Amino acid sequence: MMKIPDPRDEMIAHLPALRAFALSLVRNGPAADDLVQEAILKAWSSFDKFTPGTNLRAWLFTILRNGFYSDLRKHRREVQDSEGQFAARLSQKPEHDGTLAMWDFQRGFERLIDEQREALVLVGALGFSYEEAAATIGCAVGTVKSRVNRGRKRLAELLQLEDGASIIPADPVQTAVTSQQTSLNG
Amino acid sequence: MAPKDKPTSKIPPGVVRQIDENLKRIYAPKLTEELPERLQDLLRQLRERDGT
């Protein structure tokens with residue numbers, strides 16, 4: 001006989017991606033896990049409201065992001081760094097090796113507004129469809145597409161990325177080889 | 001809408017690829033590492049409490 005899977009069991013499989021998403025929102029590991037912990041507790045006490053067969057991943061991610069935005073309203077963060085300072089640091093870097101490029105990328109990514117960052121993480125890093133990301137965020141599919149597009153454009157501007165002239169190896173095999181070499185040499 | 005916002009203009013595919021590959025590289029470790037002890041403990045406690 002078919003047994004309806006318990007969302008408590010299914011939830012476990014989504015926690016790694018949920019931690020990644022939390023990290024993208026709060027930007028430090030312990031705070032990200034605080035957010036995940038809070039989301040697990042909320043989800044656990046609300047499983048009676050979850051409709052079996054619907055998208056558990058989107059449901060969990062929605063709980064986590066609601067927790068994040070409600071905390072954010074309490075403690076509004078300000079980005080202190082100015083555009084000029086960021087650009088100056090980019091031009092000062094000595095070598096365009098993989099590690100530095102990654103550092104630049106992360107700093108650039110952190111400068112995106114929250115809405116663009118979360119849309120890019122869901123779609124670009126975690127493989128959500130636009131529809132699933134829209135369900136998670138609670139907005140229209142077109143809004144997600146627009147945020148992803150604007151986030152990518154902003155990053156391309158900040159990092160001065162151009163087609164074919166990458167600061168990081170664009171070929172996946174080359175990327176893997178370079179990152180191995182970097183870790184061996186570093 | 002600000003003048004520099006041009007959501008309809010195309011981003012070169014190579015740039016999109018670079019960005020998405022780097023995003024995946026940032027978050028890949030979280031997807032493969034074990035859950036931290038505190039979260040495992042929390043799940044254990046919840047299960048024990050509910051007897052599930």
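Me: How many of the 20 residues of α1(A) are buried?
Reply: This is a predicted model in which local features need pLDDT of at least 70 and side-chain atom pairs count only at pLDDT 80 or more, whereas totals for chains, interfaces and linings use all residues. Residues are numbered from 1 along each chain as its sequence is written, chains are lettered from A and ligands numbered from 1 in the order in which they are written, and side-chain values use heavy atoms, with hydrogens and water left out. Helix α1 of chain A spans residues 7-26, helices being DSSP runs of H or I with at least four residues, numbered from the N terminus. This helix is mostly covered, and the number of its residues that are buried (under 20% relative accessible area, 1.4 Å probe, protein chains only) is 15.

Me: What is the relative accessible area of A:T136?
Reply: A:T136 is found in helix α7 of chain A, residues 130-137, and a polar atom of its side chain lies 2.9 Å from the backbone oxygen of A:E132. Beyond its neighbours within four places in sequence, A:T136 is in contact (heavy atoms within 4.5 Å) with A:A58, A:F61, A:T62, A:R65, A:L122 and A:F128. A:T136 is buried, and its relative accessible area is 1%.

Me: What area is buried between chain B and chain A?
Reply: The contact takes 45 residues from chain A and 37 residues from chain B. In chain B, B:Q18, B:Y27 and B:K30 lose the most area to chain A, together 16% of what that side buries. Carbon and sulfur atoms give 63% of the buried area (accessible area, 1.4 Å probe, lost on putting the two parts together and summed over both), which is about 4,000 Å².

Me: Which element gives the most to the side of chain B that touches chain A?
Reply: Across this interface there are 4 salt bridges (a side-chain nitrogen of Lys or Arg within 4 Å of a carboxyl oxygen of Asp or Glu), and one joins A:D34 and B:R38 at 2.4 Å, N to O. The elements of chain B that give two or more residues to this side are α1 (13-32) and α2 (37-50). With 17 residues, the element that gives the most is α1(B).

Terms used:
The bend at a residue is the angle between axes fitted to the seven residues ending there and the seven starting there. Buried means under 20% relative accessible area, exposed over 50%, partly exposed in between (1.4 Å probe, protein chains only). A polar contact is a pair of N or O atoms within 3.5 Å; within protein, one must be able to donate a hydrogen and the other to accept it, and residues adjacent in sequence count only if both atoms are side-chain atoms.
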